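Student: I'd like to go through this model and ask where the labels come from. Can we take it piece by piece?

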Amino acid sequence: MTLPPLFTPIALRGVTARNRIALSPMCQYCATDGLADDWHLVHLGKFAQGGAGIVFVEATAVEARGRITYGDLGLWSDAHAGPLARIARFLAAHGALPAIQLAHAGRKASMQRPWQGNGALTEADQAGGERAWPVVAASAVPLDEGWLVPEALDAPGLATVRAAWRDATLRAAAAGFAVLEVHSAHGYLLHSFLSPLANRRNDAYGGDLAGRMRFPLEVVETVRAAWPADRPLFVRISSVDGLDGGWTLEDSVAYARELKARGVDVVDCSSGGLAGSATAGRAAPRGLGFQVPYAARIRADAGIATMAVGLILEPAQADAIVASGQADIVAIGRELMNQPNWPVHAARALGLPDRGFGEWPQQYGWWLERRERQLDRIWSESSAGG
Ligand SMILES: Cc1cc2nc3c(=O)[nH]c(=O)nc-3n(C[C@H](O)[C@H](O)[C@H](O)COP(=O)(O)O)c2cc1C
């Protein structure tokens, strides 16, 4: 049988994902001092057990001041690498490519966790021990009224941030991750350089598109140089700001071409987040697979592999995205949170011969495959009898 496109393995440089399903990076907001703990192991491990081809560790800060909240993961010291290496080992042992998204929150750092208000840290938070910290960005333009005014990074500041990306990349490689993604979306530091609404610089890092892309591309070059040549590099972008005068899809195509020229393998096509939450934002009308057309356009016009994301819920929907050449990989966030075994159930829905159970760890698959045959008998007997 020809495998459904969603279940066709994909080779990326020296590694191969067993299928086209990726767990999208999702902050858990429960780390202490940036360190991963048992929550992160069990949370991420479920998705490897459930059959995903690639499992992304959430946005992991390259600098302590680049965390969104006090609960974010980090990789700004060697001490952070140990617990992440344990997670990478577990993911790989269960057949998934261990992947990590490195990030710097820029002017969206120093925030409350979503369930604490999702705004800038306040005096009330400070009374509870979570003090706001100084934030940096492309320009001294706050996200909105009531938000911290960031310090615009000067030349030594840019060099410090580049070095932090390099060091975190080296640690991620040593920790055993097979895929690395640079977070250049959702209003965080690199996006604040790209978008004309957040970048008001009049030096070489601002102005026209080439100037605004300069620092994110320098970071990507730094990361690519530090990341092993046989491991793939992804970059997540906000394909559009969805705001008047903001970043456009044409800009994204131009950016994707530059990323490709610097050895990026996959562009992960999200949207929004420059002036609020990317998940709840208004960058694009929300509907099932609303960001897929961005992945399709960037793939066609920049000639680079893409990952589609956003309200992808159904196996047939995900399979059609790959089959139609709109994207090479499908990232799923909340639906995997809802159903960690989604890939196994999708395999069954798409008619894989052993209904996907053969792909599962024996601890589960051996039993369920036999139960399935038993159920087939029960149902055929009951329909013959009835
Ligand atoms: C709890 C939560 C945390 C998230 N954290 C991140 C993150 O760390 N990095 C990122 O790029 N996107 C993050 N996102 C966005 C998701 O990766 C994904 O793009 C978004 O949820 C849309 O996909 P979905 O409809 O399949 O959930 C987060 C979303 C949620 C719901």
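Tutor: Let's start with a bridge: Thr-60 has Leu-102 in S6 as its bridge partner. Keep in mind that this is a predicted model.

Student: What makes S4 and S6 a pair of strands?

Tutor: Pairing takes at least two bridges between the strands. S4 (residues 54–61) and S6 have seven, in the parallel sense, so they pass the cut-off of at least two.

Student: And how do you know that S6 also pairs with S9?

Tutor: By the bridges again: S6 and S9, residues 179–184, share four of them, also running in the parallel sense. Ile-100 has Leu-180 in S9 as its bridge partner, and Ala-99 stands opposite Val-179.

Student: Why is S6 called mostly covered?

Tutor: A residue needs 20 or more other C-beta atoms within 10 Å to be buried. In S6, residues 97–103, seven of seven residues are buried, so the strand is called mostly covered.

Student: Which residues of S6 point which way?

Tutor: Leu-97, Ala-99, Gln-101 and Ala-103 go one way, while Pro-98, Ile-100 and Leu-102 go the other, and all are buried.

Student: How many residues of S9 are buried?

Tutor: Six of six, so S9 also counts as mostly covered. Val-179, Glu-181 and His-183 point one way from S9, with Leu-180, Val-182 and Ser-184 pointing the other, and all of these are buried.

Student: Now the helices. What is said of the cover on H12?

Tutor: H12 is hardly covered, as the count of buried residues among its 24 residues is zero.

Student: Which residues of H1 are buried, and what do they pack against?

Tutor: The buried ones are His-40, His-43, Leu-44, Gly-45, Phe-47, Ala-48 and Gln-49. The buried residues of H1 pack against S3 (21–23), S4, H2 (78–93) and H10 (334–338). After H1 comes Gly-51, with a positive phi near 105°.

Student: Why are H4 and H6 called roughly parallel?

Tutor: The axes of H4 (residues 155–174) and H6 (residues 209–226) cross at roughly 30° and come within 9 Å. Angles under 35 degrees count as roughly parallel, so H4 and H6 get that name. H4 passes H6 in a right-handed crossing.

Student: Which residues meet where H4 and H6 pack?

Tutor: From H4 they are Leu-158, Arg-162, Trp-165, Arg-166, Thr-169 and Leu-170, and they meet Phe-215, Glu-218, Val-219, Thr-222, Val-223 and Ala-226 in H6.

Student: On to the loops. Why does Arg-113 count as partly exposed?

Tutor: Partly exposed lies between the buried cut-off of 20 or more and the exposed cut-off of 12 or fewer. Arg-113 has 18 C-beta neighbours inside 10 Å, so it counts as partly exposed. Arg-113 sits in the loop between S6 and H3 (123–127). Leaving aside neighbours within four places in sequence, Arg-113 is in contact with Tyr-29, Thr-69 and Gly-71.

Student: Why does Asn-118 count as partly exposed?

Tutor: Asn-118 has 14 C-beta neighbours inside 10 Å, so it falls in between those cut-offs. Asn-118 lies in the loop between S6 and H3, and its phi is near 65°, a positive value in a residue other than glycine.

Student: What makes Leu-311 partly exposed?

Tutor: Leu-311 has 16 other C-beta atoms within 10 Å, which means it is partly exposed. Leu-311 lies in the loop between S12 (305–309) and H9 (315–323). Its phi is positive, about 50°, although Leu-311 is not a glycine.

Key:
Residues numbered from 1 in each chain as written. Predicted model: local features only at pLDDT ≥ 70, side-chain atom pairs only at ≥ 80, totals over all residues. Helix = DSSP H or I, 4+ residues; strand = E, 2+ residues; numbered from the N terminus. Axes fitted to C-alpha atoms, helices over the stretch in contact; angles between N-to-C directions. Parallel < 35°, antiparallel > 145°, perpendicular 65-115°, else oblique. Left-handed = near helix turned anticlockwise from the far one by under 90°. Contact = placed C-beta atoms within 7 Å.
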